Amino acid sequence: MAVENLKSVLVSEAQLLENLKAVLVLKAQLFEKHTVDRAAVSPYVPNLLRALITCFKDMGWPVRDAACTACGRCIVVYPNEARSLVDSELLTLWTAHLEDNIPSVRRNSAIAMANIARAYPEPQSLEKLLDVVKLMLPRARDQPSGPAPDQSAGPNTAAAQQARDNDPTLHSGADMFSCGTLSSRFGKEYYIKSDGCMDFGFVRTKEPWEASDGAVHLLREISGLSMEGVVEAVESQMELLADLSATRSFPKACHLRDTIWKSLPVIGKNLGKQRFKRHLDLFLPVMFADLNCDHQLTELAAERCIVAVGDLIGKAMFAGRLSEDQLDAYRRIPGAM
């Protein structure tokens, strides 16, 4: 009976989160609909944004994710009405969520932050974004090296990850969590609803690599901005980005590299072929090494990155930069040559 009641509660919570998320998505779409009379909506924008900011501090990550996206869309459509809240609250919230525990929240926070420069195309806006990138991108260097449970398997092989996942000493006696939130189900904070003054989204301790992951997303979004100084600013971070792509010192480094391989072709296209080629050799050894890294998603991301980069700079020119082993691996990728 108790199990059935618990299942009923979980289903109800999941449905509530989905309903609230749907409302926030509709609100985001409302901001973008050109059929809506802007003059009629304009006086209510600050109050709508304040409601979204309260949702931004909800303990359910799907709610925070949807609120993040809605706020980002709002400032592009109503930049003047939203400006005071961008400076006072939204920039701080987006920066905090850029290192959130949830990957989609990090990604959507980066997209929303880049909208600051789109809404307010001035040098100060770009400087604020670049300051965040410079602060957060190197953070993975501070990530502790997690000892592999199976040292014979190496710290970042699939066998080591599986051994870690099944280690009872790491997972026994831990808190249970609610559906759609990283707040403990039986912690006292679960019973207190957010009033906008406290942020229940940040319960699990953030890891340094997550900040770097968010910064990679933001760097990719910055590279697509049509503003003076963007290309030079992105190029100044390419060496550090290449250094991070070689990181293998902690168990979740593969997730960071996955983000890098998904972002690199976009950054390269936005920089332009000639500028991107200057930095390509920094990435090639680790890009091809990740074709066999024992993490399927990272292997797939590396493979797609190789194909995309080859298409970007020209397959023949790309092949000419490769060693014999890399060229052989390139030829084996379906659709690469």
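**Exercise 1. Determine how helix 12 and helix 13 pack against each other.**

Step 1. Locate the elements. Helix 12 covers residues 238-245 and helix 13 covers residues 253-271; helices are DSSP runs of H or I with at least four residues, numbered from the N terminus. The model is predicted, so local features need pLDDT of at least 70 and side-chain atom pairs count only at pLDDT 80 or more, while totals for chains, interfaces and linings use all residues. Residues are numbered from 1 along each chain as its sequence is written, and side-chain values use heavy atoms, with hydrogens and water left out.

Step 2. Take the geometry. The two axes come within 10 Å and cross at roughly 150 degrees. Axes are lines fitted to C-alpha atoms, for helices over the stretch in contact, and angles run from 0 to 180 degrees between N-to-C directions.

Step 3. Classify the angle. Angles under 35 degrees count as roughly parallel, over 145 as roughly antiparallel, 65 to 115 as roughly perpendicular and the rest as oblique. Helix 12 and helix 13 are therefore roughly antiparallel.

Step 4. List the contact (heavy atoms within 4.5 Å). Helix 12 contributes Met238, Leu241, Leu244 and Ser245, and helix 13 contributes Leu256, Arg257, Ile260, Trp261, Leu264, Ile267 and Leu271. By class, this contact has nine nonpolar, one polar and one charged residues. Here Ala, Val, Leu, Ile, Met, Phe, Trp, Tyr, Cys and Pro count as nonpolar, Asp, Glu, Lys and Arg as charged, and the others, Gly among them, as polar.

**Exercise 2. Work out the angle class and the contact of helix 10 with helix 13.**

Step 1. Helix 10 (residues 208-223) packs on helix 13 at about 15 degrees, and the axes are 9 Å apart.

Step 2. Helix 10 and helix 13 are therefore roughly parallel.

Step 3. The residues of helix 10 in this contact include Trp209, Asp213, Val216 and Arg220, and those of helix 13 include His255, Ile260, Ser263 and Asn270. The class count is seven nonpolar, seven polar and two charged residues.

**Exercise 3. Find the salt-bridge partner of Asp213 and state whether each residue is buried or exposed.**

Step 1. A salt bridge needs a side-chain nitrogen of Lys or Arg within 4 Å of a carboxyl oxygen of Asp or Glu. The side chains of Arg106 and Asp213 meet this way at 2.9 Å, N to O.

Step 2. Arg106 lies in helix 6 (residues 103-119) and Asp213 in helix 10, so the pair ties together parts 107 residues apart in sequence.

Step 3. Buried means under 20% relative accessible area, exposed over 50%, and partly exposed in between (1.4 Å probe, protein chains only). Arg106 is buried at 2%, and Asp213 is buried at 2%.

How values were computed: Helix = DSSP H or I, 4+ residues; strand = E, 2+ residues; numbered from the N terminus.
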